[in-house]
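Here's a quick walk through one model, from a helix pair to the core and then the ligand. Have the viewer open as you read.

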Amino acid sequence: MLDFLLQRRSVKAAELTAPGPDAAQLQLMLTAASRVPDHKKLAPWRFILFDGDARAEFGEVLADACAAEAGMRGEDAPSPIRLQTERGRFLRAPLVVALISRIIVKPGVPELEQILSCGAAGQTLCLAANALGFGTNWITEWYAYSSQVASGLGLAQNETVAGFIYIGTPVKRQPDRDRPPLASIVSHWHKQNGGHKQNGGHKQNGGHKQNGGRE
Ligand SMILES: Cc1cc2nc3c(=O)[nH]c(=O)nc-3n(C[C@H](O)[C@H](O)[C@H](O)COP(=O)(O)O)c2cc1C
């Protein structure tokens, strides 16, 4: 398990090929993704699946939105090549999962907590797919932020796209990627002169040391 986490790596959407998960594998992945920390059991997320012909059909929604939004910005119409790219976006992988964040008004559960729970669902979906041998790529690109695409997805007012998770069989393993040195992101809290302060790692009065945990 730990080795698996220590070697986790995304795979580019264009390098994810068939086969994708079968129905039983998909059920497992979604069940795992629905088992994340979730204050007051709100399930502030949902999943929309695209496989088979739905991927090309949704490509038409993307191409239309691309053209309409260029028009609204007063830009030239997108080139035929650009529109072809939009039509083919979801065809890059056998399965695309739209991860939808839904904010529910609930005293005691601020919006941030609900968004974080959605993030946990997305990452758990990726890890579950990876554990089954599939590659994943969680991306937003431009269309996660398009109101016309949101309406094509049928999103409600309280819903936002948190990302599109492309899933399939990796063509090859990606080269490794730099990770932040722990010393730059980990610190021990120390009592400050005259009070208890946690300052995100900035030294104050020489009291707060950030040294990656080596004292
Ligand atoms: C919410 C979210 C949106 C992302 N959107 C993009 C994106 O649009 N394009 C991209 O190249 N990477 C995007 N990423 C980053 C990739 O998922 C991935 O982390 C990155 O390619 C590095 O690979 P790694 O997961 O192996 O570190 C996004 C990540 C998150 C969490």
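## Helix pair

Which residues in H2 meet which residues in H5? From H2 come Leu 28, Met 29, Ala 32 and Ala 33, and they meet Ala 121, Thr 124, Leu 125, Ala 128 and Ala 129 in H5. A contact here is a pair of C-beta atoms, placed from the backbone, within 7 Å.

## Ground rules

This is a predicted model: local features need pLDDT of at least 70, side-chain atom pairs count only at pLDDT 80 or more, and totals for chains, interfaces and linings use all residues. Numbering starts from 1 along each chain as its sequence is written.

## Core

The largest nonpolar core has 34 residues, and Val 96, Val 97, Leu 99, Leu 125, Ile 165, Tyr 166 and Ile 167 touch the most other members. Such a core is a set of buried Ala, Val, Leu, Ile, Met, Phe, Trp, Tyr and Cys residues joined through C-beta atoms within 7 Å; buried means 20 or more other C-beta atoms within 10 Å of the residue's own.

Beyond four places in sequence, contacts of Ile 165 include Val 97, Leu 99, Leu 125 and Trp 138.

## Ligand shell

Around the ligand sit Arg 9, Ser 10, Asn 137, Trp 138, Ile 139, Thr 140, Glu 141, Gly 163 and Arg 177, each with its C-beta atom within 6 Å of it. Strand S4 (residues 135–139) gives the most, three residues.

Technical notes:
A residue is buried if 20 or more other C-beta atoms lie within 10 Å of its own, exposed if 12 or fewer, and partly exposed in between; C-beta atoms are placed from the backbone. Two residues are in contact if their C-beta atoms, placed from the backbone, lie within 7 Å. Helices (H or I, at least four residues) and strands (E, at least two) are DSSP runs, numbered from the N terminus.
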